[in-house]
Amino acid sequence: MKILSKPEELILLAVFSLKDNAYGVTIRKHIIDKTGVDWTIGAVYVPLNRLARDGYLETTIGEPTPERGGKRKKFYSLTQRGMKALAYTKRINDSMWSRLSAMDLAALTDKG
Amino acid sequence: MRTPPRFSEWILYHFLEKKEREFIIGDLREVYGQVWYSSGNLKAKIWYWGQIRRSIRPFLFNLIYWRISMFTNYLKLAIRHMRRHLGYSLINILGLAIGMACCILIFLWVQHELSYDRFHEKADDLYLITVSGEHGTWISSPWALVPTLKNDFPEIVKASWFGVIPLLARYEHKSFFEQAALVGNEFLDMFTFPFVKGNPEYAFENLNSVVLTEQAAARYFGSEDPIGKVIQCENQVDLAVTGVIEDIPSNSHMEFDLLVSAIRFVGEPRTRTWSMDVSSYVLLPSQADPVDVENKISETIIKYDKRTNVKYYVGLFPLKKIHLHSVYGGIDPVVYVYVFSAIAVIVLLIACINFMNLTTARSSIRINEIGIRKVCGGDRTDLIKQFLGESVGLAFIALIGAVVLVYFLLPGFNSLAAKQLEFNIFNNGTLLAGLVLFAVFVGLVAGSYPALYFSSFQPDRVLKNTFQTGSKRSGLRKTLIVTQFTASILLIIATATIYKQIQYIRSKDLGFSKDQILVVQARRQLRANYSIIKERLLANPDVLHVSAASSIPLSIGNNNPVYWEGRDSNSYVRMNFACVDYDYFETFDMKMSYGRSFSREYPTDQENYIINEAAMKLTGYKDPIGKMFSMWKDEGTIVGVVKDFHGTSLYNDIRPIVFVMYQNLPYSNWFIKIRGSRIAESMDFVKKTIAAVVPGYPVEPEFLDEHFQRQYLNEGRLGKILTSFTGLAIFISCLGLFGLVAFMAARRSKEIAIRKVLGASIWSVMRILSREFIVLVVLANIIAWPLGLFVMSRWMRNFSYHTRISFGVFIAAGIAALAIALLTVSYQTFRAATANPADRLRNE
């Protein structure tokens, strides 16, 4: 089982949340909102593409719209494999984070 | 303006993967619109550029990573493919490697030939002086021309003589014959011969100087410093060594061991004469137009030489053309360059055609792979790239094989071509780069047809197994085989014909006897003692004749103006002549058709002439004996007419020749005819006799026919080289045929099995399989014969004397090709025919 890199993990989660509306623009916006970091297009699209190519995501091609200058959209959705990878990630996360209680973290952020 | 600036989009476009471009650009337009809407035009632009700048790195890396993984994927496929069909792959690679090795060898040779004399810094502006008259062009020019040209024409920047004479040089107890070049003072300024010791500027300050090559210096001085030491020449002249130059590179048309001052050796007055004796070179300014200058200097001889009403025109011949182009006419050696380049291309072509044939013939094996690939979304260009990649890869492996082959073949090739070519890929960066490019080129060319062929399959038909390797395709493949064999047959014909011509030349009756005749090159000391030595030699019963002449019978080249009674006084005729001693004609067994040969019974023979039949025709004398004849104002009578013999090489017609007996002119060639038995003793006797009279003279008598063989060395080499390459071409063609037949047989194995079950004999199965190919070979013959006839007859025209182009050669070539093809085919067909039919049919 592959351990997802952080961007990959975030992207997969974003795709999951966005359900039918997961494409480049929305995925990026979602991640920027949630992390507070201004991700460049490269930082999003490159892992996104790789995930699709490796089979964690599948793509659907949409209709062209005028605001996009007549270009079509590519929608992404999770595959079985993608879901499995997320489940695996969650399991690892849970098991590794379990020691760190919410109180420890709160103490740190106050001081830092 | 809601769309991002065109330029920035264009930049982004090129960093993105082809497939993703549309979507990402579209996404960005959307976002751009939003940003523009909220923050205005300028901010939007800044944002866009910022995104591009920060994203270049990830996109770029992604692109590279992706390309590399595609590449390794293809590589894995290619390797797996090669493993599965090791036999075919090896044949392919072998064929390509041989073809490439040939090309490389020929390339090295051509490169050397083209590089002659380029090492001189001023090579572009150096010219050889030619003198043209009614009867041809010569490279001999008058001594006085060099100073005159320099005086009269500012366009001539520098000028020098260059004449090589054999010189006996001695230092302490070491003495050798050296090739000494008589040169003018400006020679070292014009030509680039780097000095290892000494200074070129002062080399000939003192006329009693000599400059040695490194090799020559080593001969006399070993590792001592030669500067300032004195060498004695011809036992008379003392010269001080003023410099040592690097050994002359192999690609120089000028060869010599020493440089001496012409003025010192020839004398100042002589350099003002207008007799044609020496070669001259001139240096023009860089921007000069040679045609222009040539026009200006053209009439110089006519202007100054008042001796005869001669019409000699001075011409310029560029230095760089000297090696490959003939001044006189006859074949330009550059033709050989073209011929060999053509051969290289032909051989490479045959190898590439092989490759194409073998690769496409295996199509049915790869069809499935291709079909699936296409269905999964492989577009045609990707497929083409894959196949091209494979063929380039194979070409690289072939390159390695070719390099190994070249290393092994180079010594043999060098001796064949009489050169010392080097092939050093480790030292020579450009060579290495060139080889790599060569491999890529070959891979692309050879792989182009298979790539297009394979990528044009239609996936659905392929997978449903309704695909057939159409007859259109096999038509093309057949054409390729025909081309290969046509080329091979042409080469066979060419080789055989050229060999016949060489044999003919070697064995042709020259009109005089050249067997058992020793030639001794006589230098000054020896010449003076001719009569004594002749007497002593003749005392030995094994010595049949002794005579001498100014030139060897096959190299009668010098000519002089001649007159005879009734000659049209306005026309101006020169004839070749030879100064001969008594017994000349007897020594060579030349028969007289009229009159007699020179004889001691007639003391006036010193002023008489003997001419050959061609000369007699020219004079128009019906009965020439007793008629007047004169050469150079010396009047005399004709006492004999000798039957025509070849006075120059067999390239030329028999020319008119005049024989005289000027006793004052020293004979530089002595001829000693000895008996056929006890040759070794006779040679010994000759050497001892000469040594007794002139001690310390290095005598090396050579047999006349050995000397003649050397004249036709070039043709002999051509023959050998052609044979080698013909053999190669045939080998490669057979390789191709071999692989192809194997494949065809395998493909038709079911058909064969069924036939056998139905009772066909081995023989009839073989016949059926071979029939296709035999037809092709016959077709190749039909094409090759007229082509061969055409090319060979054009080549033969260069020789005034040549054999007929015999049909036997063509037929033999055709049969040979057929036989070889049959042999190649038969192995595979036999195997196919004797295979157990049950095995084949079982796979159903």
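## Contacts of B:Leu416

Apart from neighbours within four places in sequence, B:Leu416 has contacts with B:Arg717, B:Lys720, B:Ile721 and B:Ser724. The model in which these contacts occur is a predicted one. B:Leu416 belongs to helix α13 of chain B, which covers residues 380–417. Its C-alpha lies 9.5 Å from that of B:Gly716, although 300 residues separate B:Leu416 and B:Gly716 in sequence.

## Chain B overall

Chain B contains 27 helices and 23 strands. It has 844 residues, and 50% of them count as buried. The accessible surface of chain B is about 40300 Å², with 58% supplied by carbon and sulfur atoms.

Taking the contacts in chain B between residues at least 6 apart in sequence, 79% connect residues at least 24 apart.

## A four-stranded sheet in chain B

Four strands of chain B form an open sheet in the order β14-β22-β13-β23, and the pairing is antiparallel. The edges are taken by β14 (543–549) and β23 (702–703) of chain B; each has a single partner strand, so one side of each has no neighbour in the sheet. Even so, β14(B) is largely enclosed by the rest of the structure, because five of its seven residues are buried.

Within the sheet, β14(B) and β22(B) run antiparallel and are joined by six bridges. B:Ser547 has B:Phe671 in β22(B) as its bridge partner. On the β13 side, strand β13 (residues 517–521) pairs with strand β22 (residues 669–674) of chain B, also in the antiparallel sense, over five bridges. Here B:Val520 is bridged to B:Trp670 of β22(B).

Helix α18 of chain B, residues 530–538, lies across β14 and β22 of chain B. The angle between this helix and β14(B) is about 165°.

## Positive phi angles

Most residues other than glycine have a negative phi. A:Lys19 has a positive value, near 50°, and is not glycine. In chain A, A:Lys19 sits in the loop between α1 (6–18) and α2 (24–35). Its relative accessibility is 55%, so A:Lys19 counts as exposed.

B:Asp589 is another non-glycine residue with a positive phi, about 60°. The loop that holds B:Asp589 runs between α19 (584–587) and β17 (592–595) of chain B. B:Asp589 counts as partly exposed because its relative accessibility is 45%.

## Interface between chains A and B

The size of an interface is often given as the accessible area lost when the parts come together. For chain B and chain A the buried area is about 2200 Å², and carbon and sulfur atoms give 54% of this. On the chain B side, B:Phe23, B:Asp27 and B:Glu30 lose the most area to chain A, together 27% of what that side buries. The contact involves 22 residues of chain B and 23 residues of chain A.

Four salt bridges are counted between chain B and chain A. B:Glu20 and A:Lys74 form a salt bridge in which the closest N and O atoms are 2.7 Å apart.

Terms used: Residues numbered from 1 in each chain as written. Chains lettered and ligands numbered in written order. Predicted model: local features only at pLDDT ≥ 70, side-chain atom pairs only at ≥ 80, totals over all residues. Heavy atoms only, no water. Helix = DSSP H or I, 4+ residues; strand = E, 2+ residues; numbered from the N terminus. Buried < 20%, exposed > 50% of the residue type's maximum accessible area, 1.4 Å probe, protein only. Contact = heavy atoms within 4.5 Å. Areas by Shrake-Rupley, 256 points an atom, 1.4 Å probe, with all protein chains shown as cover. Pairing = 2+ DSSP bridges. Axes fitted to C-alpha atoms, helices over the stretch in contact; angles between N-to-C directions. Buried area = accessible area lost by both parts, 1.4 Å probe. Salt bridge = Lys/Arg side-chain N within 4 Å of Asp/Glu carboxyl O.
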